[in-house]
Amino acid sequence: MKKLLAFLAILSVITFALAACKNEAQAPTAPESTAKNESTSDFVFIQYCIYAPETASVALDGKSVDYNESINCFEAHLSKEGTYTLTISHEGCEPIEEKVNITMTEHEYTAELVYSDSHIDSAQENAARLVESLMKKCWSLDYSLEEFSFSSEEDRLRSEENMADAVSALEENLSAEYTVGAIDISLTPSLSGNNDKPLGTAEDDTALFFAFDAQYSYPWHFKSDSYENSGEMTKKSKPYIFIEKIDGKWCIKSFHIDLSNTDF
């Protein structure tokens, strides 16, 4: 009898254990993929890069996009793929408004800015005025450029160094015996290739480039204890300049002038 009771007790334990295992196997569990999506959803975004000059204004669906100096482009963070309205404006250029399809694999845009004819004409006129002023400034042996506007302070300092070198070269030819008078300048735009517009763009596409054929003349006088002479000298040079319009003002990015005041 005792053996029978012991056998029945063991059988009851085994039956209870099997039922527990069956209930545990039937209990619902959260899908692994759902748990994974919930843990990573906060980290999904599209980095949309718009390559345009830093001085441009950029917007997506009317929302302004900021320029990121560390990656040299306008950077937008988007939470979903789709079609957006991109607008880009830059002083002197035709505005851009375009529908762009942004996905995880299509996340870059490069702006192709086109300057208006009126902007180019105004730039050329101001480029000639600035080049003539710079040549006369150099001829007077003055390398200070305080009265000119520059794209940046770095551009100003670099330009003043170049001007100082040009002034130094002129000073070397002058003496108490040899002097020169005021300079008279005539500038003609230099055409490039088949383009009827004498311009190009700087590497960052914000500054316009203008080159000129310059003809300049000046009176000279030489007097020593044993000899005296004077005359009129005419020479040629090829100055050029990069300029851009910032906040309504024409600013110099860089320039080159080459002058000589020798009598031969």
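Entry 1: I began with Phe242, which counts as buried at 19% relative accessibility; buried means under 20% relative accessible area, exposed over 50% and partly exposed in between, with a 1.4 Å probe and protein chains only. Before going on, I noted that this is a predicted model, in which local features need pLDDT of at least 70, side-chain atom pairs count only at pLDDT 80 or more, and totals for chains, interfaces and linings use all residues. Residues are numbered from 1 along each chain as its sequence is written, and side-chain values use heavy atoms, with hydrogens and water left out.

I then looked up how many aromatic pairs the structure holds, and found 9. Rings of Phe, Tyr and Trp (its six-membered ring) pair if their centres lie within 6.5 Å; planes under 30 degrees apart are stacked, over 60 edge-to-face, and the rest tilted. Tyr178 and Trp220 make a tilted pair, at 6.3 Å centre to centre with 35° between the planes. Tyr178 sits in strand 9 (residues 178–180) and Trp220 in strand 12 (residues 208–223), so this pair ties together parts 42 residues apart in sequence. Strands here are DSSP E runs of at least two residues, and helices are H or I runs of at least four, numbered from the N terminus. Tyr178 is buried at 6%, and Trp220 is buried at 12%.

Back to Phe242: its ring and that of Tyr240 have centres 6.5 Å apart and planes at 85°, so I logged the pair as edge-to-face. Tyr240 is partly exposed at 32%. I also found Trp139, Tyr216 and Tyr218 linked into a cluster by ring pairs.

**Entry 2: nonpolar cores.** A core is a set of buried Ala, Val, Leu, Ile, Met, Phe, Trp, Tyr and Cys residues joined through side-chain atoms within 4.5 Å. The largest has 36 residues, and Ile241, Ile243 and Ile252 have the most contacts inside it. Helix 3 (117–139) gives the most, with 9 residues. Beyond its neighbours within four places in sequence, Ile241 is in contact (heavy atoms within 4.5 Å) with residues including Leu130, Leu134, Phe210 and Ile252.

Entry 3: Which strands form the open sheet, and in what order? I found 4 strands in the order 3-2-6-7, with antiparallel pairing; two strands pair if DSSP finds at least two bridges between them. Strand 3 (63–64) and strand 7 (96–102) are the edges. Strand 2 (residues 57–60) pairs with strand 6 (residues 82–89) over 4 bridges, and Ser57 stands opposite Ser89.
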